[in-house]
Amino acid sequence: MPDARPDAFRTRWLPRRVALLALVVAWMALLLLIPLGSLAVGVVQFGPLAVLRQIGEAGGWPALGRTVVVAIASVVLNGVFGVAGAIYLVRHRFWGRRLLDMLVDLPLAVSPVMTGLAFILVFGRGGLAEPLLEALGWKITFAMPSLVLATVFVTLPFVLREVSHVLVELGIDEEAAAATLGASASQTFWRITVPNIRHGLTYGSTLTLARALGEFGAVLVVGGAIKGRTDTATTFIFTAVDERHEPAAYGMALILAALSMAFLVLLERLKKRRTREA
Amino acid sequence: MGIRVEHLTKRFGSFVAVQDVSLEIRSGELSALLGPSGGGKSTILRIISGLEAADEGHVIIDEQSVDHLHARARNIGFVFQHYALFRHMTVAQNIGFGLEVRKVPAEARRTRVADLVALLGLQGLEERLPSQLSGGQRQRVAVARALAPEPKVLLLDEPFSAVDAQVREELRRWLRRLHDDLHVTSIFVTHDQAEAFSVADRVFIINEGRLEQAGTPLEVLDDPATEFVARFLGEVNVYDGRVRDGFLRVGPIEVAASGVADGTPMRMILRAYDLKLWREEPGVGVVRRVLLLGDRVKVEAVLDGAGPLFAQFPRRSSLLKGIEPGCRIAVEVSTARLYPLPAGSPGTP
């Protein structure tokens with residue numbers, strides 16, 4: 001591809017530029033490469049097989065399994081409610097819309113620990129919903145449902161926001177055109193709306209997935225990281241370090257990092273495709 | 001399939017977009033809704049199509065009320081201002097969409113799409129995406145898509161506004177020819193009078209949500225029913241005065257006002273191209289400026305006792321001989337129209 005930048009932006013090897021580049025590289029190394037590298041070095045030192053065995057002995061695989069289940073559940077739930085919410089917020093005018101629109105970003109602004117605590121206050125012992133939950137015989141806090149609930153809450157804005165942006169940009173003309181051509185509401189949704197928002201939906205889902213894999217504070221507070229019941233990959237790392245099972249902690253951390261990297265690469269590809277189509 | 005619109009009113013909050021508009025569009029005709037932007041033309045079109053609901057009034061197509069029908073059940077083809085092509089579908093898929101949702105069998109669908117592709121000259125573009133088409137091609141795909149389900153009526157919202165001037169000229173001729181071939185009752189919205197007059201059989205002039213005048217292009221042009229229509233159809237001069245002895249006199253200009261009582265305040269409207277002027281001493285006014293507008297020339301003058309006067313002539317007109325800033329001129333009015341003066345308007349003598 002020919003360089004389309006104006007001359008003024010082309011790279012010239014001035015000392016100032018070299019210094020700037022060195023600074024950026026050093027900063028990235030300090031923050032990213034050295035920690036990730038030392039994780040890898042640690043795993044190699046202990047021996048990969050020993051690390052895997054230790055993860056197993058410390059109950060790491062079920063914890064990783066829970067993280068994956070929670071992440072997938074968050075993607076599905078936020079996929080459905082994110083699309084529905086985005087359509088409702090963008091396409092309808094109702095009293096309190098601005099307030100609701102603002103509240104959607106709340107999970108990004110408040111600490112996940114606070115979120116977890118709030119869920120405990122609602123669903124936990126002596127909480128607002130306790131009589132109802134007891135009557136139904138449901139247990140939410142310190143059990144799997146609370147992990148899903150907390151993670152869904154923390155990742156709520158991603159799909160909703162991504163899809164909202166796309167919907168605003170799209171306008172309603174294509175949907176109106178489908179209606180004049182005789183399409184029913186569901187035909188219009190599946191044939192016109194869904195294909196048009198699919199990139200926003202995939203992008204938002206990837207962000208949701210990456211965030212759900214790494215969530216720590218909220219799941220720790222609502223789940224209590226009970227070994228074999230509510231510990232997840234992240235809380236497993238936390239307790240493993242605490243109990244001096246370093247190899248297991250290193251190994252799990254590296255697995256999570258690798259998963260997140262994989263999603264970042266996917267995200268980058270999606271972004272590229274989106275800019276190409278725009 | 002005639003269309004009748006009866007006493008249509010539409011409000012958006014406190015804004016009245018359409019106010020008691022009644023239209024009658026004859027079967028097989030190509031009609032234009034003409035007027036300034038924001039005047040309610042597109043809203044009328046959207047109400048006819050069912051995309052917008054009227055607050056009052058009725059839409060009757062082929063002698064049957066369609067008020068209770070949803071847009072999808074009205075079988076009206078609609079061409080959107082920015083085409084609204086389905087961006088993730090090819091040209092062929094776009095055109096076939098209206099057939100597909102009606103569960104037309106694949107074979108019949110292919111035949112119909114191929115017919116429309118041929119009719120609209122889109123051969124070779126069937127597998128392209130809308131983003132790979134020019135403005136004029138998108139326009140034709142949008143029309144083909146709207147025509148595919150064989151609609152009773154075709155509505156076009158500002159169909160030529162999104163293409164550049166040269167293509168627009170070509171598309172106008174093309175729309176007229178297409179209509180002459182198909183004879184689908186059609187209405188298009190435009191704010192461009194040249195477009196309305198060169199394409200439509202009948203023109204409805206809409207302003208501020210009201211119907212100002214309906215008629216053939218010639219009727220509207222030669223006999224503007226209201227002051228708005230007269231002003232809208234080209235540059236005009238406006239003079240106010242009171243009738244005396246059956247004439248309205250403003251400065252040196254005198255127009256017969258037969259049957260109007262003495263003392264009635266009236267407004268005189270002179271089209272810039274319904275005037276003659278020539279160099280004469282002492283004359284009745286003085287030329288201030290002469291402007292070249294492409295193939296036309298505009299003369300700005302000041303009339304003694306009447307004020308500014310604007311006149312337009314073809315560039316090579318012999319009338320322009322010797323006309324230059326500062327020269328004195330005589331003026332002759334070939335056609336002038338009188339309208340009752342709006343009550344309390346400034347300028348009432």
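How many C-beta neighbours does M1(B) have inside 10 Å, and does M1(B) count as buried, exposed or partly exposed?

A: This is a predicted model. M1(B) has 18 C-beta neighbours inside 10 Å, so M1(B) counts as partly exposed. The cut-offs explain the call: a residue is buried at 20 or more, exposed at 12 or fewer, and partly exposed in between.

Now place the residue. M1(B) sits in the segment before strand 1 of chain B, and strand 1 covers 3-12. Leaving aside residues up to four places away in sequence, M1(B) touches S27(B), I61(B), D62(B), K152(B), V153(B) and T185(B). Take V153(B) from that list. V153(B) is 152 residues from M1(B) along the chain, yet their C-alpha atoms are 7.3 Å apart.

How far can you trust chain B? The average pLDDT of chain B is 91. At least 70 is reached by 98% of its residues. For the complex, the predictor reports an ipTM of 0.82 and a pTM of 0.81.

Next, some backbone details in chain B. E150(B) lies in the loop between helix 5 (135-147) and strand 7 (153-157). Its phi is positive, near 50°, and E150(B) is not a glycine. E150(B) has 12 other C-beta atoms within 10 Å, so E150(B) is exposed.

H183(B) is another case. The loop between helix 6 (165-182) and strand 8 (185-190) of chain B holds H183(B). Phi of H183(B) is positive at about 55°, although H183(B) is not a glycine. H183(B) is exposed because 12 other C-beta atoms lie within 10 Å.

Then there is a cis peptide bond. The bond joins E281(B) and P282(B), with omega about -5°. P282(B) belongs to the loop between strand 15 (275-279) and strand 16 (285-293) of chain B.

Now the partner chain. The contact between the chains takes 14 residues from chain A and 18 residues from chain B. On the chain A side, helix 10 (173-180) and helix 11 (185-214) are the elements that give two or more residues. Helix 10 of chain A gives the most to that side, with six residues. By class, the chain A side has seven nonpolar, five polar and two charged residues.

What is chain A built from? Chain A has 14 helices and zero strands. The C-alpha trace of chain A spans about 70 × 65 × 30 Å along its principal axes. Chain A has 278 residues, and 36% of them count as buried. Take the contacts in chain A between residues at least 6 apart in sequence: 77% of these join residues at least 24 apart.

Helix 10 and helix 11 of chain A pack with their axes 10 Å apart, at an angle of about 160°. Angles over 145 degrees count as roughly antiparallel, so helix 10 and helix 11 of chain A are roughly antiparallel to each other. Helix 10 of chain A passes helix 11 of chain A in a right-handed crossing. From helix 10 of chain A, E174(A), E175(A), A178(A) and A179(A) make the contact, and from helix 11 of chain A come T188(A), R191(A), I192(A), T193(A) and N196(A). This contact has three nonpolar, three polar and three charged residues.

Helix 11 of chain A also packs against helix 9 (156-170) of chain A. Their axes come within 7 Å and cross at roughly 160°. Helix 9 and helix 11 of chain A are therefore roughly antiparallel to each other. Here too, the crossing is right-handed. Helix 9 of chain A contributes F158(A), V159(A), E162(A), V163(A), H165(A), V166(A), L167(A) and L170(A). Helix 11 of chain A contributes residues including N196(A), I197(A), G200(A), L201(A) and Y203(A). By class, the contact has ten nonpolar, six polar and two charged residues.

One last stop in chain A. Helix 13 of chain A covers residues 233-242, and A233(A), T234(A), T235(A), F236(A), I237(A) and A240(A) are buried there. R244(A) follows helix 13 of chain A and has a positive phi, near 65°.

Terms used: Residues numbered from 1 in each chain as written. Chains lettered and ligands numbered in written order. Predicted model: local features only at pLDDT ≥ 70, side-chain atom pairs only at ≥ 80, totals over all residues. Helix = DSSP H or I, 4+ residues; strand = E, 2+ residues; numbered from the N terminus. Contact = placed C-beta atoms within 7 Å. Nonpolar A, V, L, I, M, F, W, Y, C, P; charged D, E, K, R; others polar. pLDDT = per-residue confidence, 0-100. Axes fitted to C-alpha atoms, helices over the stretch in contact; angles between N-to-C directions. Parallel < 35°, antiparallel > 145°, perpendicular 65-115°, else oblique. Left-handed = near helix turned anticlockwise from the far one by under 90°.
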